[in-house]
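I opened this model to look up a handful of local features. My notes follow in the order in which I took them.

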Amino acid sequence: MITAKTAQLAGRYDVAVIGAGPAGIAAAVAAQAAGCGRILLVDREPEAGGILNQCIHSGFGLHQFGEELTGPEYVSHSLAQVDTRCVDVVTGTFVADIAPDRALTLMGGETGVRQVQSGVVVLAMGARERTRGAIQIPGGRPAGVMTAGLAQRFVNMLGVLPGRRVVILGSGDIGLIMARRLTLEGVEVVGVFEIMPYANGLGRNIVQCLHDFDIPLHLSTTVVEIHGNDRVEAVTVAPVDEALRPILSHARRIPCDALLLSIGLVPENELSHQLRLRMDPLTGGPVVSSTLETSMNGVYAAGNVLHINDLVDWVSEEAARAGRYAADALQGRHPPADNVRLVPGDNVASVVPQSVAAGREHTVFLRARHTFEQSAIRFGEIYTKKVRYVCPAETIAITLKPAFLDRFPGGALRIDIYPRAGEAE
């Protein structure tokens, strides 16, 4: 574990990165490479690395490091790039407040309550899991109802099984991975139940975690009641109609002793709201420019705090851009201002960043609202890209070249996703 002692904390930093998960580490490494002399990397957890510390399965790092790594291995590779001569890594410490002048109030067991000043700030707080309260499942409050991420921590870090007969609600990637993990530990996973008519995890996880272990996936089905007093005894599941309303006449009761929830992630944006940043209701994160700067000068955002990503490699890549842009701004290097506003159109659930600048290349991340085979993504009249498949569960990354953007006079550029004629499902 890399930590900075209280005595080593400086009164002023060039860059302060909040969150020492993969996004925060990548942003700090990029900022140091861009010439920043003093960087603060702070996290509330006792160790740097974020959620990856409990992800002992492989599948990380192919894009970023060119090899398949486990979560802890990915963290180790990332931290190896941190130059502790110019980066102070402080763990077990909360950022209690950020002032408009980018003064941070830190609070922790070793740091006590300290205030440090920063030239620029990068927000990299990640995301948290949605809980039972978000979907209001009827029933009591027995033990055994938990998020899939908490179950992962119990099994991988504490050596404790959440139950012996488990139902999983939601087909997010953590839930799929835990279905496999629990099966390998001898737990009976009754099935994964998903309210939508499509799975919400990556295709590779559907195959490797469910199909390979004969774990059933029930689409258009949800949990409508939890039974039990001290401990979960059973859940009632029911199919849903096209409006996602449970069809109770077809409900059935499933005995179990644990219910794991894998019903989505929410960007961790308490500090963003505290700063009164402009937020995007479609992503749940701040609105950012092409440089990943938020609506407040000198404050940048990247990773899952900005929008939920599929791959940690993409998180690191995006955060590295934020770190470089933050360092450039600190040193007086400012690219041309954005002059194109990206507007989600038909079948587009969200777009990040929300604006771009002509004359530069940009990577734009989209989410589709519906599943299409053989589709096309259209950026106004300037560019259309054919894609084989789009679905809400998977992020679409599109590179916009200057040659396309230079054709656009500026203003709002609408983005639509549509099935190609004669080829749609």
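**Salt bridges**

I counted 16 salt bridges, taking as one any side-chain nitrogen of Lys or Arg within 4 Å of a carboxyl oxygen of Asp or Glu. The model is predicted, so I kept its limits in mind: local features need pLDDT of at least 70, side-chain atom pairs count only at pLDDT 80 or more, and totals for chains, interfaces and linings use all residues. Residues are numbered from 1 along each chain as its sequence is written, and side-chain values use heavy atoms, with hydrogens and water left out.

I looked up E268 and R44, whose side chains form a salt bridge at 3.5 Å, N to O. This pair connects distant parts of the chain, 224 residues apart: E268 is in the loop between β18 (265–267) and α7, and R44 is in the loop between β2 (39–42) and β3 (58–60). My helices (H or I, at least four residues) and strands (E, at least two) are DSSP runs, numbered from the N terminus. For burial I used relative accessible area with a 1.4 Å probe and protein chains only: under 20% is buried, over 50% is exposed, and in between is partly exposed. E268 is buried at 10%, whereas R44 is partly exposed at 44%.

Next I took E188 and R165, a salt bridge with its closest N and O atoms 2.6 Å apart. It also links distant parts of the chain, with E188 in strand β12 (residues 188–193) and R165 in strand β11 (residues 165–169), 23 residues apart. Both partners are partly exposed, E188 at 43% relative accessibility and R165 at 26%.

E317 is partly exposed at 39% relative accessibility, while R321 counts as buried at 16%. I then noted a network: R44, R128, E268 and E270 are joined by salt bridges that share partners.

**Backbone geometry**

Which peptide bond is cis, with omega near -5 degrees? I found the bond from V352 to P353. P353 lies in the loop between β21 (348–352) and β22 (355–356).

I also noted positive phi values in residues other than glycine. Q136 has phi near 55 degrees and is placed in the loop between α3 (132–135) and β10 (145–147). L292 has phi near 70 degrees and belongs to the loop between α7 (270–274) and β19 (299–301). For reference, most residues other than glycine have a negative phi, and most peptide bonds are trans.

**Second largest pocket**

I put its volume at about 290 Å³. Of the 16 residues in its lining, those closest to the centre are R278, V287, R341, Q354 and S355. The search ran on a 1 Å grid over the protein atoms alone: a pocket is an open set of points where a 1.4 Å probe fits, with protein on both sides within 12 Å along at least five of seven lines, and lining residues have an atom within 4 Å of a point. Points are joined across faces, edges and corners, and the volume is the space filled by probe spheres set on them.

Which strand gives the largest share of the lining? Strand β20 (residues 340–344) does, with four residues. By class I have seven nonpolar, five polar and four charged lining residues. Here Ala, Val, Leu, Ile, Met, Phe, Trp, Tyr, Cys and Pro are nonpolar, Asp, Glu, Lys and Arg are charged, and the others, Gly among them, are polar.

**A loop contact**

I looked up Q81 in the loop between α2 (71–79) and β5 (87–90). Q81 is partly exposed at 42% relative accessibility. Q81 and A33 are 48 residues apart in sequence, and their C-alpha atoms are 9.9 Å apart in space.
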